[in-house]
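Here are some notes for a colleague who is opening this structure for the first time. Please read them with the model on screen.

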Amino acid sequence: MTNKVRYQDDLYRAVNGAWMDQAVIPDDKSSTGGFQDLADEVEEKMMADFAAVADGSKEAPDKYFAQAVTLYQQAKDFKTRDAAGFAPALPTLHQVAAIKDLADYNHRAAELLQQQLIDPPFNVFVDADMKDTSKNVINLMGPKTILPDTSYYAKDNQNGAQLLAIFKDMMSKLLAYTDLDDAAQKTTLAGALAFDAEIAKHVKSSEEWADYPKAYNPMPTTTVVEKLKPFDFENFLKAIFKTVPDTIVVADPRFLDEFGQLFNEANFANYRDWLYVLSLDSVAGFLSEPLRQLGGTYNRALSGAPKSPDQVKHAYRVTNAYFSEPIGIYYGRTYFGEKAKADVTQLVEKMIATYKQRLANSDWLSQPTKDKAILKLDKMVLKMGYPDKPEAIYDLLHVDPEKSLLENLKAMQIVQQQYNYDKLSKPVDRSVWNMPGHLVNASYDPSKNDITFPAAILQAPFYSLKQTASENLGGIGAVIAHEISHGFDNNGAQFDEFGNMVNWWQKADYAHFNELTKAMIDEFDGLETEAGKVNGKLVVSENIADAGGLPAALDTAKREPDADLRAFFINWARIWRSKSRLERAKMLLAVDVHAPHELRANIQPRNLDDWYTTFDVQPGDGMYLPPEKRVQIW
């Protein structure tokens with residue numbers, strides 16, 4: 001029998017070790033525990049309600065939910081899907097195959113995107129201008145790679161080579177369903193993989209994307225048009241946006257500079273092959289059951305889950321992808337309610353008050369910077385539980401029971417794409433929510449200076465009336481303060497109270513903040529996990545948010561009449577309990593801006609003096625960190 005793990009040596013294992021020994025990851029999942037358990041419970045509730053509306057035993061609460069149920073019924077009608085087989089995929093594949101050459105493609109690129117969702121060799125979308133968030137601008141970035149990150153393409157990355165082999169095998173089998181002959185199937189796949197390998201040389205890595213203010217590079221449209229040659233970008237813009245703006249925001253200038261190496265006359269056949277393979281990959285999961293299973297092979301390899309979700313769960317998830325906000329509003333109204341919304345809003349306001357006090361008491365910020373930071377908190381917009389009504393896009397989404405599932409999905413994607421493009425001529429809508437009410441998560445948006453707390457996260461172990469105030473503050477309190485802290489992480493700190501990217505810092509304060517940011521990078525960089533080493537730069541923004549959130553929640557807990565700091569720290573560790581498949585853990589280490597859960601639970605308490613007094617942590621204990629190495633920012 002092993003000795004019980006002590007809190008002083010490993011808080012995460014002391015709290016979650018017994019659970020981890022017993023926990024079993026379901027066959028259709030890549031992880032279990034904490035967030036995932038709550039998400040599974042929400043999904044079960046919603047699937048039961050969908051089934052009830054579908055069989056007529058319950059009435060749809062509104063027209064949006066009714067549309068969602070129509071899509072759900074269509075997605076789970078595998079009798080019809082199996083009978084149709086591969087046929088629904090052929091029209092789009094024929095459109096790709098019919099592109100003659102680069103000149104023909106240039107002539108039809110906008111039409112192919114708008115009517116067939118056949119992508120250009122870059123991504124173009126409309127979003128708020130980072131320096132003037134009242135207006136929308138066109139953004140341009142490179143295409144995505146097949147593998148999760150550019151680092152997977154390194155010659156010594158065996159994981160990348162294995163995943164690519166799985167993708168290649170899956171696509172070979174899918175291509176056999178097409179009307180291409182054997183030789184064409186082989187050359188198409190080879191061309192697609194060659195183009196993908198070329199993309200990986202010219203686009204940003206996840207680590208580079210983690211510094212998102214660097215994605216703001218406004219350029220004259222004339223310059224972008226020139227750099228994108230031989231693609232006819234000017235006529236493409238005119239066809240899609242009707243008027244050509246003077247400026248385009250380029251997210252990745254290196255991609256733009258090197259575009260000619262990726263897209264040119266000599267390489268065009270590979271580009272067309274890439275379009276064909278990606279179009280096939282994107283639709284396989286919405287065809288027959290055998291094709292759904294085959295088309296999920298690569299994603300199962302990425303996540304490590306041995307099985308696909310069953311057909312009913314698949315149907316719900318397809319529906320949720322298109323009607324998430326109306327579903328979230330239904331969830332919030334049914335299972336959360338206005339009283340809980342008011343309660344949690346009060347909790348957030350209490351946490352903001354603590355944060356203001358901590359900023360005011362900061363021993364390294366000058367008064368002018370403090371004043372600006374507190375102003376940012378005053379202007380922070382709170383989106384609690386669920387929105388009052390769905391965004392306007394949901395009035396435009398229609399499901400035709402007479403059409404195939406794939407036809408309906410494609411029609412809705414075209415509507416969503418056009419809805420985004422139409423934003424260019426409209427002011428930014430700050431009322432839009434980043435997350436639906438039934439999502440177990442929370443977010444901060446630096447361009448809106450708002451925090452979103454969906455109803456679904458406001459459950460035990462994060463929050464419960466049955467838990468003590470200290471437990472709730474170690475759970476949802478720390479999560480709330482984490483999101484507030486994103487306003488002052490290495491990215492959020494570059495945006496003002498209106499979400500505009502502007503420097504509101506005194507020079508000496510910002511220099512010191514950057515030193516503290518570097519210390520936070522160093523604290524995590526190279527830490528060993530079962531899946532590999534942590535990249536400190538990739539996870540720094542989330543770690544700064546944890547480093548601000550945990551002490552702010554702790555301060556609030558200490559002011560409670562029955563403060564119990566042991567319970568506070570124990571529930572902090574409990575909310576992070578998680579068990580993941582190794583494949584998923586490896587992928588997250590490469591692409592996720594969050595540190596592994598175990599490290600989030602264990603590293604941040606070591607930076608806090610109260611950790612040592614609460615558990616009598618001494619030099620030599622596993623959770624001891626010398627005072628000079630403790631990183632304290634907010």
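1. Lys383 stands opposite Thr452 in β8. This pair belongs to the parallel pairing of β6 with strand β8 (residues 450-454), which is made by 5 bridges. Please keep in mind throughout that the model is predicted.

2. The sheet that holds β6 and β8 is open and has 3 strands, in the order β6-β8-β7, with mixed pairing. β6 (381-385) and β7 (443-445) are its edge strands; each has a single partner strand, so one side of each lacks a neighbour in the sheet. On average, neighbouring strands here are turned by 15° against each other, direction ignored.

3. Which helix lies across β7 and β8? It is α21, and its direction is at about 150° to β8.

4. Helix α21 (residues 469-485) also packs with helix α18 (residues 337-360), at an angle of about 60° and with the axes 10 Å apart. That angle makes α18 oblique to α21. The crossing of α18 past α21 is right-handed.

5. On the α18 side, the contact is made by Leu347, Val348, Met351, Ile352 and Tyr355. Their counterparts in α21 are Leu473, Ile476, Gly477, Ile480, Ala481, Ile484 and Ser485. By class, the residues of this contact comprise 10 nonpolar and 2 polar, with no charged residue.

6. A further open sheet has 4 strands in the order β2-β3-β5-β4, and its pairing is mixed. From one strand to the next, the twist averages 40°.

7. β2 and β3 are antiparallel and share 7 bridges; Asp127 stands opposite Val137 in β3. Strand β3 (residues 132-141) and strand β5 (residues 247-250) run parallel, joined by 2 bridges. Leu140 has Val250 in β5 as its bridge partner.

8. How many bridges pair strand β4 with β5, and in which sense? Strand β4 (residues 218-220) pairs with β5 over 3 bridges, in the antiparallel sense. Within β5, Thr247 is the residue opposite Pro220.

9. The twist of the β2-β3-β5-β4 sheet averages 40° from one strand to the next. Helix α11 (residues 233-241) packs on the sheet and touches β2, β3 and β5. The direction of α11 makes about 135° with that of β3.

Key:
Residues are numbered from 1 along each chain as its sequence is written. This is a predicted model: local features need pLDDT of at least 70, side-chain atom pairs count only at pLDDT 80 or more; totals for chains, interfaces and linings use all residues. Side-chain values use heavy atoms; hydrogens and water are left out. Axes are lines fitted to C-alpha atoms, for helices over the stretch in contact, and angles run from 0 to 180 degrees between N-to-C directions. Angles under 35 degrees count as roughly parallel, over 145 as roughly antiparallel, 65 to 115 as roughly perpendicular and the rest as oblique. A crossing is left-handed if the near helix is turned anticlockwise from the far one by less than a right angle, and right-handed if clockwise. Contact means heavy atoms within 4.5 Å. Ala, Val, Leu, Ile, Met, Phe, Trp, Tyr, Cys and Pro count as nonpolar, Asp, Glu, Lys and Arg as charged, and the others, Gly among them, as polar. Two strands pair if DSSP finds at least two bridges between them.
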